[in-house]
Amino acid sequence: MQGKRKICIATGTRADWGLLSPIAQRLNAREDVELSIIATNMHLSEDYGDTWREIERDGLTITERVPMAVATDSAESTVEAMSQCMSGMGKAFARLQPDLLIILGDRYEMLATASAALIFRIPIAHIAGGAISEGAYDESIRHSITKMSHIHLTETEEYRQRVIQLGENPAHVFNTGAIGIYNIMHTDYMSREALEQELDMKIWEKSILITFHPATLDKIPPRQQCENLLKALDKFQDYQVIFTYPNNDTDGKVIIELIENYGKQYPERVKVFRSLGMRRYLSMLRCVTAVAGNSSSGIVEVPSMGIPTLNIGIRQDGRLRAESVWDCGVEEKDIENGFHKVLSAEFCDFARKAENPYAQPDTLDKMEKAICETPLENIIIKPFYDLK
């Protein structure tokens, strides 16, 4: 290919940008790459903290903004938001004409983005395919994006083999490790004092950081699950509780309402943040006793910080995990017992020594090489790779 490779990154949430940021900065520094960034969904929502500012704080420019309605608590509103995203992405792609699109993960706005790119014949490099998370529709979205993508950057060899099992060419499937682990190893951490000052709070010596998303395929409603979590937390009054907002999935606002009210009930003990951003989030992990909830971060990144994770419910079922991740059900007693386990001195000591299966020392280098050096000529037409 002659000239610069025009690479576009699409991002919709604080979480995916925290992972995409080092990739974007590495690509932006290359003379042979012309980088563009499309921000959509939660980034553009004041309700979720206007996290587009995180992109600019990283010294990068948002090339296109694709507004979409913030999904409320119905499947209908989520589908409507997806349709707006797909339409907006079509207009953005028509203007940008990228040679390659980078998408991370399994969010519904990324399904809409990938669908638009498919019609525009834009090759996709997909990060974090091949994973399993059986309790959410993210599971089906992730594999669907895999089938619309052409370069695959997986977090483990097990996930690489699963992408190949889906019919993808092994020559285009790269086991890079998880980019979140790179962030942990290369973050300029804030001190506890600086973090407390910036967040205007005192971080207790005994504290729990929680992110709880709707498990969109679970039969037990998110409201009931979150209420059970809060009742269990009542039994641990000597622990500070720090919540970050869930994603704007169906029923996400139900959880926001519950945790906000819980924060008002215990204003000294409970703090609620719309978004911490990557640097503050990782710095907070160095201060807390444990992480709880059902976010993939608790499984993929947190074990590398040497602290326990309490993974609640079925949302992450099937995902490869370190031994420092303890699984529990969604009933109040299940969650209470889970907290007793992960907060015990024995388990905290065990977590400090646990190995993380997602860790590789050269993840960013591998990603950069695959993104920038994989030939794009004739990559659009993909023969199905049958397993022998």
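Predicted model: local features only at pLDDT ≥ 70, side-chain atom pairs only at ≥ 80, totals over all residues.
Let's begin with the strands. Six of them form an open sheet, with parallel pairing, in the order E10-E9-E8-E11-E12-E13. At the edges stand strand E10 (270–273) and E13, each of which pairs on one side only. From one strand to the next, the twist averages 20°. If you look at E8 and E11, you will find them joined in the parallel sense over four bridges. Here Leu 209 stands opposite Val 291 in E11.

Helices pack on this sheet too. Helix H10 (residues 252–265) touches strand E9 (240–244) and E10, and its direction makes about 140° with that of E10. Helix H13 (residues 332–342) also packs on the sheet, touching E8, E11, E12 and E13. The direction of H13 makes about 165° with that of E12.

## An enclosed cavity

A search of the whole structure turns up one cavity of 30 Å³ or more. The largest cavity has a volume of about 90 Å³. Its lining consists of 15 residues, and those closest to the centre are Thr 211, Val 291, Ala 292, Ser 295 and Gly 298.

Several elements of the fold contribute to this lining: strand E8 (207–211), strand E11 (290–293), H12 and E12 each supply at least two residues. By class, the lining of the largest cavity has seven nonpolar residues, eight polar ones and no charged ones.

## The second largest pocket

Now for an open space. The second largest pocket holds about 150 Å³. Among the residues lining this pocket are His 150, His 152 and His 172, together with Glu 168 and Lys 382. Other parts of the lining include Asn 378, Ile 379, Ile 381, Pro 383 and Tyr 385. Sorted by class, the pocket lining has four nonpolar, six polar and two charged residues.

## Two buried loop residues

Is Ser 324 buried or exposed? Ser 324 counts as buried, because its relative accessibility is 0%. You can find Ser 324 in the loop between strand E12 (309–312) and strand E13 (325–328). Beyond residues up to four places away in sequence, Ser 324 touches partners that include Pro 303, Phe 347, Phe 350 and Ala 354.

Pro 303 sits in the loop between helix H12 (296–300) and E12. With a relative accessible area of 2%, Pro 303 is buried as well. Leaving aside neighbours within four places in sequence, the contacts of Pro 303 include Gly 298, Ala 322, Val 325 and Asn 356.

Technical notes. Residues numbered from 1 in each chain as written. Heavy atoms only, no water. 1 Å grid on protein atoms, 1.4 Å probe; cavity = no way out; pocket = protein on both sides within 12 Å on 5 of 7 lines; lining within 4 Å. Points joined across faces, edges and corners; volume = space filled by probe spheres on them. Nonpolar A, V, L, I, M, F, W, Y, C, P; charged D, E, K, R; others polar. Buried < 20%, exposed > 50% of the residue type's maximum accessible area, 1.4 Å probe, protein only. Contact = heavy atoms within 4.5 Å. Pairing = 2+ DSSP bridges. Axes fitted to C-alpha atoms, helices over the stretch in contact; angles between N-to-C directions.
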